[in-house]
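Open the model in your viewer and keep the selection tool to hand. Each stop below says what to pick and what you will find there.

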Amino acid sequence: MKQHKKALVLWLAAILLLLAGALLTGSPGRAESVQEMMRDAVLHGTNRISLFGWRSVNPGLISAFTVTAILLLAAVCIRIFAVPRFKFIPGRLQLLLEEAVGLFDHMAKNNSPHRCRFLGAYIFGVGAYIFVGTLFELLGVQAVTTLGHPVTLPAPLSDVNAAIALGTLSYLVIVSGGVVGNGPGGVGKALKEFSLPISMSFRLFGALLSGLLVTELVYYYVSLSFILPVVVGVMFTLLHALIQTYVLTMLTALYYGEVSEPSHKPKKKRSKA
C-alpha cells in the first residue's frame, strides 16, 4: 500500500510540475490562427496530402484507404487463421466475434424478420467501418502535407464527403430492400423519406467533426495540451464510435424493415348470386 501511495504522489507531483511549466511558459507563436486551424480541419484547404504524386487530396481520403485496408486484412486473417480453429466451447476471440456478429444479426432480425440476411451483413460491415474508423484517429498516424508540414490523419467520416457517401449508400440499400420486397411499389415507400440520406450523413459528420474540433482546440493552446487532450480525445472518440455506430445501423435496419415488408392487399369478397 505504501508503495502505491508513493507512486501516486510522484505522478501527481509530475503532473503539477508540467502544468506549472506550461502556465509559466505560455503559448508560443503560431503560424496560423485558431480560426484558420479549425477552418482547415473542416474544409482541408491547406493541409492536403499527395496521393502517389497524382493529385493532392484530403487527409480523410488517406484515412479511408488505410481503415479499409486494415479491415480487409483483419477479415482475411480471421478467416484463414481464426475461423478454422473455432470450437464448441468458444475462446476469447471466438466469443468476441460471435457477440459482435450476433448483435447485428439480432438487430436485423428484430427490425426486418422477413428479409434479414443481407441486412445483417450490411449493417455489420457499416458498423465495423464506423467504429474502427472513428477509433483510428486515436492512433495518431502522421503524414506529410504538400507544403511539407506534418499532420495527423483524422477519422475518415470527419470529412463531409465520406459521411455523405456512407449516408447515400445506406439509403440506396434501403431503396433496394423496398424494390426486392415490394417491387416498383417499394420505391414509393422509400422515396417518402427523401430527407433520410441528408439526416444520416450530416448527423454522422457533425458528431465526428465536433469531437475533432474540440480536440484540435485543446491542443492548440500549450497551457491545455498536457493530460487534458488525452481525456477529452479518448472520451469524445469512444462516445462517438459507440453512439454513431448504433444510430446509423439502427436507422438503416429500421427503415429497411419498414420498406421491405410485404404489403398484403385485402382479398375481394365474392358477391353471392
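**Stop 1: a charged pair**

Select Asp-105. Its relative accessibility is 27%, so Asp-105 counts as partly exposed. Bear in mind from here on that this is a predicted model. Show both side chains. Lys-109 and Asp-105 meet in a salt bridge, with 3.3 Å from N to O. Why do these two sit about one helical turn apart? Because Lys-109 and Asp-105 are four residues apart in helix α4. How many salt bridges does a search of the whole structure find? One.

**Stop 2: the whole chain**

Zoom out and switch to cartoon. Count nine helices and four strands in the chain. Trace the elements from the N terminus: the order is α-α-β-β-α-α-α-β-β-α-α-α-α. Next, colour by accessibility. Of the 273 residues in the chain, 34% are buried.

**Stop 3**

Go back to α4, and look for the open space beside it. The second largest pocket holds about 890 Å³ of space. Its lining has 28 residues; select the ones closest to the centre, which are Leu-71, Leu-97, Ala-100, Phe-124 and Ala-128. Which elements give two or more residues to this lining? They are α3 (59-82), α4 (92-111), α5 and α9. Colour α4 on its own: with eight residues, α4 supplies the largest share of the lining of this pocket.

**Stop 3: a nonpolar patch**

Keep the surface on. Select Phe-131, Met-235, Leu-239, Leu-242 and Ile-243. Together these residues form a nonpolar patch on the surface, with about 450 Å² of accessible area. Helix α9 (residues 228-260) contributes the largest share of the patch, four residues. Now pick out Phe-131, which belongs to helix α5 (residues 117-135). Is Phe-131 buried or partly exposed? Its relative accessibility is 30%, so Phe-131 counts as partly exposed.

**Stop 4: the cavity**

A search of the whole structure finds one cavity of 30 Å³ or more. The volume of the largest cavity is about 30 Å³. Select its lining: Met-200, Arg-203, Leu-204, Gln-244, Val-247, Leu-248 and Leu-251. Both α8 (196-220) and α9 supply at least two of the lining residues. Which of the elements gives the most? It is α9, with four residues.

**Stop 5: Leu-248**

Leu-248 is in helix α9. Buried residues have under 20% relative accessible area. Leu-248 has 3%, so it is buried. Show what surrounds the side chain. Beyond its neighbours within four places in sequence, Leu-248 is in contact with Val-126, Ile-130, Ser-170 and Leu-204. Of these, Leu-204 also lines the largest cavity. Then draw a distance to Ile-123, C-alpha to C-alpha. Leu-248 and Ile-123 are 8.5 Å apart in space and 125 residues apart in sequence.

**Stop 6: Tyr-171**

For the last stop, select Tyr-171. Tyr-171 lies in helix α6 (residues 160-182). Its relative accessibility is 10%, so Tyr-171 counts as buried.

Definitions and conventions. Residues numbered from 1 in each chain as written. Predicted model: local features only at pLDDT ≥ 70, side-chain atom pairs only at ≥ 80, totals over all residues. Heavy atoms only, no water. Patch = residues over 30% accessible without salt bridge, like charges linked within 9 Å, V, L, I, M, F, W, Y side chains within 5 Å. Areas by Shrake-Rupley, 256 points an atom, 1.4 Å probe, with all protein chains shown as cover. Salt bridge = Lys/Arg side-chain N within 4 Å of Asp/Glu carboxyl O. Buried < 20%, exposed > 50% of the residue type's maximum accessible area, 1.4 Å probe, protein only. 1 Å grid on protein atoms, 1.4 Å probe; cavity = no way out; pocket = protein on both sides within 12 Å on 5 of 7 lines; lining within 4 Å. Points joined across faces, edges and corners; volume = space filled by probe spheres on them. Contact = heavy atoms within 4.5 Å.
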